[in-house]
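Biologist: I would like to learn how to read a model like this one. Could you walk me through some features?

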Amino acid sequence: DEMDVDTIWMDGEFVDWDDAQVHVLTHGLHYGTGVFEGVRCYDTEKGPAIFRWEEHLERLYDSTKPYDMEISFEPEELTEATLELLRRQDLNEAYIRPIAFYGYESLGVSPGDCPTNVTIAAWPWGAYLGEDALENGIEVMVSSWRKHASSQVPTNAKTTGLYVNSLLAGEEARRNGYREAIVLNKEGNVAEGPGENIFLVRDGELYTPGLSESILDGITRNTLITLAEERGYEVHENTSISRGELNTADELFFTGSAAEVTPIRQVDNVEIGNGSRGPVTEELQQAFFDLVERRTDDHDEWFTYL
Ligand code: PMP
């Protein structure tokens, strides 16, 4: 294991990485009944800081609601645990993965008396779609798999089981030589990536699928909307985007805690714009990295300093 990490927080205790294990009859393993988050800590100009931790924590608790899952820790306890986890391992820059899941007790689909286990891990993780991706953009494939409709599962809850769809779409794309997928919703409109929201730039304005398009309410999506509006861009955040509009976009980019702001330079056989990172994407990507690396004083409320 090349990662220089040795500790995981598990149900209230710090345990050795190798001891952070569960029973094979864990409910969440069989039925996908876990909810989780992916969060980044940046080594900023003002010291290490977790980006939008409070919003991620709120989404984690919100994600438990449809499943009647009770996290037995207060948000403040999870915050303290995470800060301590990072400090103990000298992690100034990390990807943080909190998860709550139905554990081991009985194996009916009804979780019955299954406990809700909560763990938090953190490790160094570079650019999710590759370092070159941030600069040059990526080639993506419109997946033959559709997103689950929000009438079938709550797509705004970040639930482990839903990620089989992400895996199918992403691996299909990679098998075909692309870096990532774009997934359409049941209506055939653009939803999101397997782990990213998507933005389209046309005639100097931004468009992103609305929350009713079966997407996750991404925190980076919200960040980019804010940054764009502050820079005078019109942002249409309640739209439907048809598949064909991808082809005629001036620019496209993905957002996500893992993917950050990744330009898309080709969709299927079609080059987007001039086939490289476009100027609006570049400006907003720069604004994003200036923000998260604290080269600005803007939005200090979005940072939890270690
Ligand atoms: N959509 C999906 C399906 C995701 O898994 C993610 C990553 N959490 C996103 C969008 C982006 O969300 P965020 O910006 O909050 O990381």
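Modeller: Gladly! Let's start with a pair of strands: β1 (residues 7-10) and β2 (residues 13-16) run antiparallel and are joined by 4 bridges. Keep in mind that this is a predicted model.

Biologist: Which residue in β2 is the bridge partner of Trp-9?

Modeller: That partner is Phe-14. As a general idea, side chains in a regular strand alternate between the two faces of the sheet. As for the turn, the hairpin of β1 and β2 has 2 residues between the strands, and Asp-11 takes a positive phi near 50 degrees.

Biologist: Now the wider view. What domains does the domain assignment give?

Modeller: The protein chain is assigned domain 1 (7-123) and domain 2 (131-292). Their C-alpha centres are 26 Å apart.

Biologist: How many residues of each domain are in contact with the other?

Modeller: In general, the size of an interface is often given as the accessible area lost when the parts come together. Here we can count residues instead: 21 from domain 1 are in contact with 10 from domain 2. On the domain 1 side, the elements giving two or more residues include α1 (27-31), β4 (39-44) and α2 (53-64). The largest share, 4 residues, comes from α2. By type, that side of domain 1 has 9 nonpolar, 7 polar and 5 charged residues.

Biologist: And what surrounds the ligand?

Modeller: A shell of 13 residues, with Leu-216, Gly-218, Ile-219, Thr-220 and Ser-257 the closest. Both α6 (219-230) and β14 (251-256) give two or more residues to this shell, and α6 provides the largest share, 3 residues. The shell divides into 2 nonpolar, 8 polar and 3 charged residues.

How values were computed: Residues are numbered from 1 along each chain as its sequence is written. This is a predicted model: local features need pLDDT of at least 70, side-chain atom pairs count only at pLDDT 80 or more; totals for chains, interfaces and linings use all residues. Domain bounds come from an automatic or database domain assignment. Two residues are in contact if their C-beta atoms, placed from the backbone, lie within 7 Å. Ala, Val, Leu, Ile, Met, Phe, Trp, Tyr, Cys and Pro count as nonpolar, Asp, Glu, Lys and Arg as charged, and the others, Gly among them, as polar. Two strands pair if DSSP finds at least two bridges between them. A residue is near a molecule or strand if its C-beta atom, placed from the backbone, lies within 6 Å of it.
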